Amino acid sequence: MKKKYFNIDEISNLIGEKKHTIRFWEERIDSLIVLRTNTGHRLYNYDNLLKIKKIQFLTSDKKWTLEGINKYFETKGDKGDFSINISLELKKILDKLKSPT
């Protein structure tokens, strides 16, 4: 069975980013939209995971501003170029998701 949604703890562990940073990106990046439960907990799908990993790459490695990232997603959508490094990181995340817990 494939997991459809992840909580913020799982996302944080998968990509190695602090939860408060992920929440900050969620507030500032217009195209990063996550589901909320009735109790207010965040639920991230696989597309959110990929987008967060891309945001992490653009802020950390490329030193982009959040304004620049918003413009990037407006023009390129989710179809923008991935570097080899981020592709390898995504492969590691997929391997973690596929491994039994």
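Which residues does I29 touch, not counting residues up to four places away in sequence?

Author: This is a predicted model, in which local features need pLDDT of at least 70 and side-chain atom pairs count only at pLDDT 80 or more, while totals for chains, interfaces and linings use all residues. Residues are numbered from 1 along each chain as its sequence is written, and side-chain values use heavy atoms, with hydrogens and water left out.

Leaving out residues up to four places away in sequence, I29 touches I55, L66, I69, N70 and F73; contact means heavy atoms within 4.5 Å. I29 also belongs to the largest nonpolar core, which has 22 residues, and I29 and I52 touch the most other members. A nonpolar core is a set of buried Ala, Val, Leu, Ile, Met, Phe, Trp, Tyr and Cys residues joined through side-chain atoms within 4.5 Å. Buried means under 20% relative accessible area, exposed over 50%, and partly exposed in between, with a 1.4 Å probe and protein chains only.

Two or more residues of this core come from each of α1, α2 (19–28), α3 (46–60), α4 (66–76) and α5 (84–98). Helices here are DSSP runs (H or I, at least four residues), numbered from the N terminus. The largest share, five residues, comes from α3. In soluble globular proteins, nonpolar side chains tend to be buried together.

In helix α1 (residues 8–15), the buried residues are I8, I11, S12, L14 and I15. Seen down the axis of α1, they fall within an arc of 165°, so they line one face of the helix; the arc is that of the directions from the helix axis to the C-beta atoms.
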